[in-house]
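Here are my notes from going through this one, written as numbered points. Have the 3D view open beside you and click along as you read.

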Amino acid sequence: MTGVPASAAGGSSAAKGGAASGVPSAAAGAASGGPSGAVSGRASGTASDVGSGSGEKSPRGAKIVTAAVNQASVWNIANLLTMLRLLLVPGFVALMLADGGYDPAWRSFAWAAFAVAMITDLFDGHLARTYNLVTDFGKIADPIADKAIMGAALICLSALGDLPWWVTSVILGRELGITLLRFIVIRYGVIPASRGGKLKTLTQGIAVGMYVLALTGWLATLRFWVMAAAVVLTVVTGLDYVRQAIVLRRQGIAERKAALEETEA
């Protein structure tokens, strides 16, 4: 009476029945022989596939976004202190060598620049760890700044004849060698900073600072012994780092070998 074909009416009823019974629309359409039902079923199936795929990938994407948000900005206080220490290096050298390098007043200014650099070295690492401000830039720039200010001071002192070149060679050779050693064994793990290493850094800073100042009398004698202690600590801690690197490498090789054997088994 309505002019609707019986096949179409049957298809509509089948589709409704399938939807009501929880049968997918594609199956209902196929059962009724309706091409539109099959097409709509494929479309809905494709949409559901895409939706489920995006659902599986979204947690990984969310992790990436979260990591990006949690990544500290390069322009944080810890990195700014590191940059300040790098900028102090040429200023320190200029003050150290001003007026021939032997003027007590200029040497005092140079000592002030060196002292600020050493103080910022103590604070930037502490701030980065305490407030989660560790960045890739800081990991690279911080040790460079440390070696730069200390190396500049030692080279200037030796060039002016205040400090024997062998002392400068031992300290700088140790610092550069241990830094290179850290990069070599980093695939097996990280060599942590020891208490001896921290004491070495403090003693070096005090000794070099005393040599930067134009000291005389008993203070000049005292700085000699402080520098001697710094050299001893430099050598002893350097040998200890070499020992740790050897142990770390052996452990890493053994763990990789055990993991490989377990995989093959």
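1. Start in the middle. The largest nonpolar core has 30 residues, and those with the most contacts inside it are Phe92, Met96, Phe114, Val208 and Met227. A nonpolar core here is a set of buried Ala, Val, Leu, Ile, Met, Phe, Trp, Tyr and Cys residues joined through side-chain atoms within 4.5 Å. Helices H4, H5 (104–130), H6 (136–159), H7 (165–185), H8 (195–212) and H9 (218–264) each supply at least two of its residues, and the largest share, seven residues, comes from H6. The helices are DSSP runs (H or I, at least four residues), numbered from the N terminus.

2. Before going further, a word on what you are looking at. This is a predicted model, where local features need pLDDT of at least 70, side-chain atom pairs count only at pLDDT 80 or more, and totals for chains, interfaces and linings use all residues. Residues are numbered from 1 along each chain as its sequence is written, and side-chain values use heavy atoms, with hydrogens and water left out.

3. How far can you trust it? The pLDDT is the predictor's confidence in each residue, from 0 to 100. Its mean for the protein is 76, and 73% of the residues reach 70 or more. Over residues 1–70, though, the pLDDT is below 50, and this stretch has 17 contacts in the model beyond near neighbours in sequence.

4. Now click on Arg85. Is this residue buried or exposed? Arg85 counts as buried because its relative accessibility is 0%; the scale is buried under 20% relative accessible area, exposed over 50%, partly exposed in between (1.4 Å probe, protein chains only). Arg85 forms a salt bridge with Asp146, the closest N and O atoms being 2.9 Å apart. That pair links Arg85 in helix H4 to Asp146 in helix H6, 61 residues apart. Asp146 is buried too. The rule for a salt bridge is a side-chain nitrogen of Lys or Arg within 4 Å of a carboxyl oxygen of Asp or Glu.

5. Arg85 has another partner: its side chain meets that of Asp142 in a salt bridge (2.7 Å, N to O). Asp142 lies in helix H6 and Arg85 in helix H4, so this pair ties together parts that are 57 residues apart in sequence.

6. Elsewhere, Glu175 and Lys200 form a salt bridge, with 2.8 Å between the closest N and O atoms. The pair links helix H7, which holds Glu175, to helix H8, which holds Lys200, 25 residues apart. Glu175 counts as buried at 9% relative accessibility, and Lys200 does at 5%. Salt bridges that share partners also join Arg85, Asp121, Asp142 and Asp146 into one network.

7. Finally, look at Ala78 in helix H4. Ala78 is buried, with a relative accessible area of 3%. Leaving aside neighbours within four places in sequence, Ala78 is in contact with Asp124, Leu127, Ala128 and Leu133.

Conventions:
Contact means heavy atoms within 4.5 Å.
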